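Colleague: Hi! Could you walk me through this one while I have it open?
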Amino acid sequence: MEAFFSNIDKVVDGFSWTVRLTLLSALFSFILGVILTAMRVSPVPLLRGISTAYVEGIRNTPLTLVLLFCGLGLNSALGLHLSDQVMWDVFWWAVIGLSAYTSCFVSESLRAGINTIPVGQVEAARSLGLTFTQNLRLIVIPQALRTVVGPLGSVLIALTKNTTVASVAGLGVQEASRQMKLMFDQGIAPVLPTFFGFAVGFLILTLPMGYLFGWLSKRVAVVR
Amino acid sequence: MKATPLVVLENVDKHFGDLHVLRDINLSVQRGEVVVVIGPSGSGKSTLCRTINRLETIDSGVITIDGSPLPAEGRGLARLRSDVGMVFQSFNLFAHKTVLQNVTLGPIKVLKKSKAEAEARGMELLERVRIANQAHKYPAQLSGGQQQRVAIARALAMNPKVILFDEPTSALDPEMVQEVLDVMTDLAKEGMTMVVVTHEMGFARRAANRVVFMADGQIVEENTPDEFFTNPRSERAKDFLSKILTH
Ligand SMILES: Nc1ncnc2c1ncn2[C@@H]1O[C@H](COP(=O)(O)OP(=O)(O)OP(=O)(O)O)[C@@H](O)[C@H]1O
Ligand SMILES: [Mg+2]
């Protein structure tokens with residue numbers, strides 16, 4: 001275990017990138033997820049079609065492919081750069097890939113939440129004169145969100161773990177799993193304890209998430 | 001001079017697939033009039049109500065509210081809907097909002113009133129439906145009768161020209177029916193224009209100016225409540241009344 005702790009600065013640095021990837025991707029996935037859901041339930045067939053095609057397309061593509069497309073395809077082959085510094089360039093591409101992928105799961109969870117809202121409430125809001133967007137913003141989404149806090153927690157945990165795919169797919173963000181691999185490659189740390197140390201690191205991140213979202217979902221539940 | 005009616009349906013037809021649910025409906029409702037719609041299950045009463053604020057579209061015919069035809073979509077429709085209040089069988093209160101928030105949402109978001117103004121008026125209305133002391137509770141904490149009275153206050157808060165009631169007491173336990181009917185009777189006395197789908201004959205006799213009897217998507221008979229209940233003319237109405245009177 002000593003070797004693991006003597007490299008603790010690398011470990012901490014790795015997890016700091018993991019956290020940054022997770023938080024930014026979570027934010028963008030959420031925003032994109034809400035937009036995709038709004039399109040999916042809108043009365044405009046074209047918007048519904050685009051949203052459905054996007055969600056079904058990306059959701060059924062392996063994350064590795066999505067990230068390879070961002071890294072090898074858009075970033076390297078097409079030479080699209082998001083920053084002059086390589087470190088941040090690959091970071092932002094990883095955020096984009098992870099968000100593009102995770103937003104589909106956010107959207108599917110939200111849609112399941114929307115389906116639990118009695119249609120009568122939507123009709124009542126319509127008959128008060130609320131427009132479609134007001135209805136969505138004031139009645140549907142707030143209630144849908146409350147019913148899917150738990151599932152969204154699972155999506156966030158999956159996202160945290162999925163950040164490790166970025167480096168495997170060639171986007172060399174110095175997140176935790178890549179730091180671990182570098183430590184192995186350089187032979188500066190014994191394999192088993194290091195493995196164990198990083199696994200515990202992920203547990204420290206994700207376990208509280210699970211509890212937080214579990215607590216939150218009880219807290220905000222709508223009584224019917 | 002005869003005043004122009006508030007709600008007019010002319011030659012309205014509506015299908016659900018092959019099912020012809022509204023057949024050439026002609027109906028006008030005068031300002032301040034209370035019309036009770038009665039008829040067997042599946043005769044199209046709910047559909048009739050729902051076409052009046054365009055929760056359902058119609059296939060042909062014209063519906064006008066206060067002289068202007070129902071707009072097809074968009075903001076015009078939203079504005080018009082706020083002129084037509086609706087009270088549903090299953091209350092449909094917003095579960096994540098308090099009683100007072102349920103009543104102020106429309107005025108704040110649609111009529112663009114200030115929160116303070118909407119709340120003052122909201123409390124007044126809750127007072128009127130005798131539920132002001134529950135203003136800060138959530139719908140699930142109220143009984144059915146209380147929820148329905150809140151739903152009536154929510155509709156009133158928009159200052160609608162007409163309120164549609166679709167079987168407002170059918171989902172209630174028997175002991176709560178009267179408290180809702182009392183509120184509705186008060187409204188009728190105060191001159192609110194109302195279209196009420198209900199089988200509550202007591203209410204019809206007490207508060208309605210006219211009874212409209214529907215069967216198979218058609219208006220079969222229209223009359224004053226007294227005439228209709230004591231002297232139905234059509235066979236369908238006689239048959240229907242004998243059934244609801246004997247059980
Ligand atoms: N959305 C719908 N899609 C298809 N058919 C429908 C729909 N809504 C109603 N119907 C059918 O249209 C007919 C009229 O329904 P409606 O609800 O207007 O009747 P009603 O007179 O209100 O009956 P009840 O007394 O049972 O409430 C029924 O046969 C019903 O099954
Ligand atoms: Mg009905």
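Colleague: Great. What are the ground rules?

Modeller: This is a predicted model, where local features need pLDDT of at least 70, side-chain atom pairs count only at pLDDT 80 or more, and totals for chains, interfaces and linings use all residues. Residues are numbered from 1 along each chain as its sequence is written, chains are lettered from A and ligands numbered from 1 in the order in which they are written, and side-chain values use heavy atoms, with hydrogens and water left out.

Colleague: Sheet first, then. What is the strand order in chain B?

Modeller: The order is E6-E7-E8-E3-E9-E10 in an open sheet of six strands, with mixed pairing. Strands here are DSSP runs of E with at least two residues, helices are runs of H or I with at least four, and both are numbered from the N terminus. Two strands pair if DSSP finds at least two bridges between them.

Colleague: Which strands stand at the edges?

Modeller: Strand E6 (84-87) and strand E10 (218-223) of chain B do; each has a single partner strand, so one side of each is left without a neighbour in the sheet. From one strand to the next, the twist averages 20 degrees.

Colleague: And how does E6(B) run relative to E7(B), parallel or antiparallel?

Modeller: Parallel, with four bridges joining E6(B) to strand E7 (residues 162-166) of chain B. B:Val87 is opposite B:Phe165 in E7(B). Helix H5 (residues 144-156) of chain B lies across E6 and E7 of chain B, at about 170 degrees to E6(B). Axes are lines fitted to C-alpha atoms, for helices over the stretch in contact, with angles from 0 to 180 degrees between N-to-C directions.

Colleague: What about E3(B), buried or exposed?

Modeller: Five of the five residues of strand E3 (residues 34-38) of chain B are buried, so E3(B) is largely enclosed by the rest of the structure. Buried means under 20% relative accessible area, exposed over 50% and partly exposed in between, with a 1.4 Å probe and protein chains only. B:Val34, B:Val36 and B:Ile38 are on one side, and B:Val35 and B:Val37 on the other.

Colleague: Which residues are its bridge partners?

Modeller: B:Val36 has B:Val196 as its bridge partner in E8(B), and B:Val37 has B:Val212 in E9(B). Four parallel bridges join E3(B) to strand E8 (residues 193-197) of chain B, and four parallel bridges join E3(B) to strand E9 (residues 210-215) of chain B.

Colleague: Switching to packing: which residues in the largest nonpolar core touch the most other members?

Modeller: B:Leu126, B:Ile152, B:Phe165, B:Met184 and B:Met194, in a core of 51 residues. Helix H6 (residues 174-189) of chain B gives the most to this core, eight residues. Apart from this core lies another, of 37 residues, including A:Ala125 and B:Val84. A nonpolar core is a set of buried Ala, Val, Leu, Ile, Met, Phe, Trp, Tyr and Cys residues joined through side-chain atoms within 4.5 Å.

Colleague: Now the chains. How many residues does the contact take from each?

Modeller: Chain B gives 25 residues and chain A gives 20 residues, where contact means heavy atoms within 4.5 Å. The area buried between chain B and chain A is about 1,900 Å², and carbon and sulfur atoms give 64% of that. Buried area is the accessible area (1.4 Å probe) that two parts lose on being put together, summed over both. In chain B, B:Phe94, B:Ala95 and B:His96 lose the most area to chain A, together 28% of what that side buries.

Colleague: How many salt bridges are there between chain B and chain A?

Modeller: One. B:Arg50 pairs with A:Glu123, and their closest N and O atoms are 2.7 Å apart. A salt bridge is a side-chain nitrogen of Lys or Arg within 4 Å of a carboxyl oxygen of Asp or Glu.

Colleague: And over all chains, what is the count?

Modeller: It comes to 22 salt bridges. One of them joins A:Arg59 to A:Glu108, with the closest N and O atoms 3.8 Å apart. A:Arg59 lies in helix H3 (residues 45-59) of chain A and A:Glu108 in helix H5 (residues 86-115) of chain A, so the pair ties together parts that are 49 residues apart in sequence. A:Arg59 is partly exposed at 28% relative accessible area, while A:Glu108 is buried at 18%.
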